[in-house]
Amino acid sequence: MVRRILQGVVGLLLLAQVSMAGAVLSIEIIGAGEHQIPVSIVPFGGDEEIAQSINEVVTGDLRRSGLFRLVDPTGKSPHQPAEVSYPDWEVRGAEALVIGMVAVQDGRIEARFRLLDVVKQTELIGQAVSARENQIRAIGHRIADMIYEKLTGDQGVFSTRIAYVNRQEKKSSLIVADSDGHNEQIVLTQNEPIMSPAWSPDGSQLAYVSFETGHAVVYMQSLYSNRRVVLANFRGSNSAPTWSPDGKQMALVLTRDGSSQIYLSRPDGSDIRRITFSGAIDTEPHFSPDGQYLLFTSDRGGSPQIYRMPVKGGSTERLTFGEGSNFSPQHSPDGKSFVFAHLNKGRFYVAMQDFQTGQMSLLTEGGWEKNPSFAPNGKLILFASEARGRGILATVSSDGRVMQHMFTQSGDAREPVWGPYP
Amino acid sequence: MKKLIISIVLVNFLAACASEPKKEPVADASAPVVKAEAPKTAPVTPAKAAVDALDDPSSILAKRSVYYPFDVSVVQDEDKPAVQAHAKYLSEHANRTVRLEGNCDERGSNEYNLGLGQRRADGVKKMLELGGAKASQLESVSYGEEKPRATGHDEASWSQNRRTDLNYAR
């Protein structure tokens, strides 16, 4: 039964992908939230006349979250509150209803919509969202965010972007896309590897590692102007750039003084100060949300594990124990936990650990699951995985219940990282 | 890979055409009279003036890769003679420079593997320096897991990727 539903969903998605010009990720959903909110979304009046259906974006976003059950509105198309007969929707099992109208004027699109509580028969949201004609998807994402926030209590991430590396044979491309895979922007494409993309806190820059000069060098590139600067080009390998949450400093990894060690610098790469002195491999630094601590990977204890140290110096604490190795730590946005890649008996898992209890849980089934990063609302984790023999991107909800697989059209997707709120 | 196969095939054809016993290295046509001697059974000592040992496919210097067990960065015993031979060669040819490129299999994060590859390359660099090469002749870099020679999820592929390559500048 579940499988048939999933197959139906996949079928719908594949159909949807074919009809969406420019869609480069096809998305499969596995699993469902503990309680799915039944919501019915009536295509807005005028939706068929605009270049991109807002309805398609909104329903796609809410469905992909795994937290909603979309109730088909067939046979009914109210656009105004006066046209709504609540019993029609109660009998369909919907708890919430979305209706609206779209108008085009002078190159601008305005969508006016209402979110209605079917049970209480009240209006929860009444809003107008407008944007330029070529920004219809952004309107849809904004509406989905508002619905999501009102019905779940959490901030939506449908308007955010992700960055990842696509690899096809020798060709590597660094790509920025909407969190649903649309609006791909190629930041860099070349026949030498690219690694470790990182977002600046304001979303305007990406730092990354490129091998175009023959060894690992850290660059920072503006997503608006495409201008880029070298942040670190010392001998050996320069890598793992990451910003502090206030944007005032960066951490990165250099081998210029021997083995891989962690250094701080100004956001322009100047004023470099070494902060680890282990002689082991210390790498993958990640700032806590309050900017006070760094999580990092180190093999100073004999195998790669997760450690934490104060940015200003002080004692380093080991956080992961037990069987296996652990890599790539990232703090949760609320600072209470962290995700990381756990390797045990040849399988990579996405794992999460609570700082207070030290309790670790596995969020995935194990395979080649690496490079986890949190969405800015802390509810979803993006990571690299494999399916059908290809590198893919995947997300899992922080409770482990809902998973998505995101397939690029060609090549292997890897090293994804979720961007900030716009 | 294709170029390597083609050149191997060509070399074999050349050897066949020359109709000489296969033991001896392919000498170049401008070699001095020494070559006209009757074929001996003992291996030919490298004629320093004629053939650069670096171009000699039967020399120990033809071995340009050093391999490692999982998560290990120390040069293994079976590779030490080759590394020492390269060190000696470099000490005798001050104009030669070599790039040491460390690589890993995929069983780690990309960043950790970048560090491990660097440690491997640095280990070979140190051994070369101890064997007489000058620091200015050596550069050590890492490709981590980013440039694998083999891409299977199995030891047959992984064992090929856990290596440091000695890449001489031409």
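**A tour of chains A and B**

Start by selecting residues 250–254 and 261–265 of chain A: these are strand 15 and strand 16, which run antiparallel and are joined by five bridges. Strands here are DSSP runs (E, at least two residues), helices are runs of H or I with at least four, and both are numbered from the N terminus. Two strands pair if DSSP finds at least two bridges between them.

You are looking at a predicted model, where local features need pLDDT of at least 70, side-chain atom pairs count only at pLDDT 80 or more, and totals for chains, interfaces and linings use all residues. Residues are numbered from 1 along each chain as its sequence is written, and chains are lettered from A in the order in which they are written.

Now click on Val253(A): opposite it, in strand 16 of chain A, stands Ile262(A).

Next, bring up chain B. Its contact with chain A takes 26 residues from chain A and 17 residues from chain B (in contact means C-beta atoms, placed from the backbone, within 7 Å). Elements of chain A giving two or more residues to that side include strand 14 and strand 18 (282–287).

Finally, select helix 2 (residues 54–65) and helix 4 (residues 136–152) of chain A, whose axes come within 8 Å. Among the residues making this contact are Val58(A) of helix 2 and Ala144(A) of helix 4.

Key:
Axes fitted to C-alpha atoms, helices over the stretch in contact; angles between N-to-C directions. Contact = placed C-beta atoms within 7 Å.
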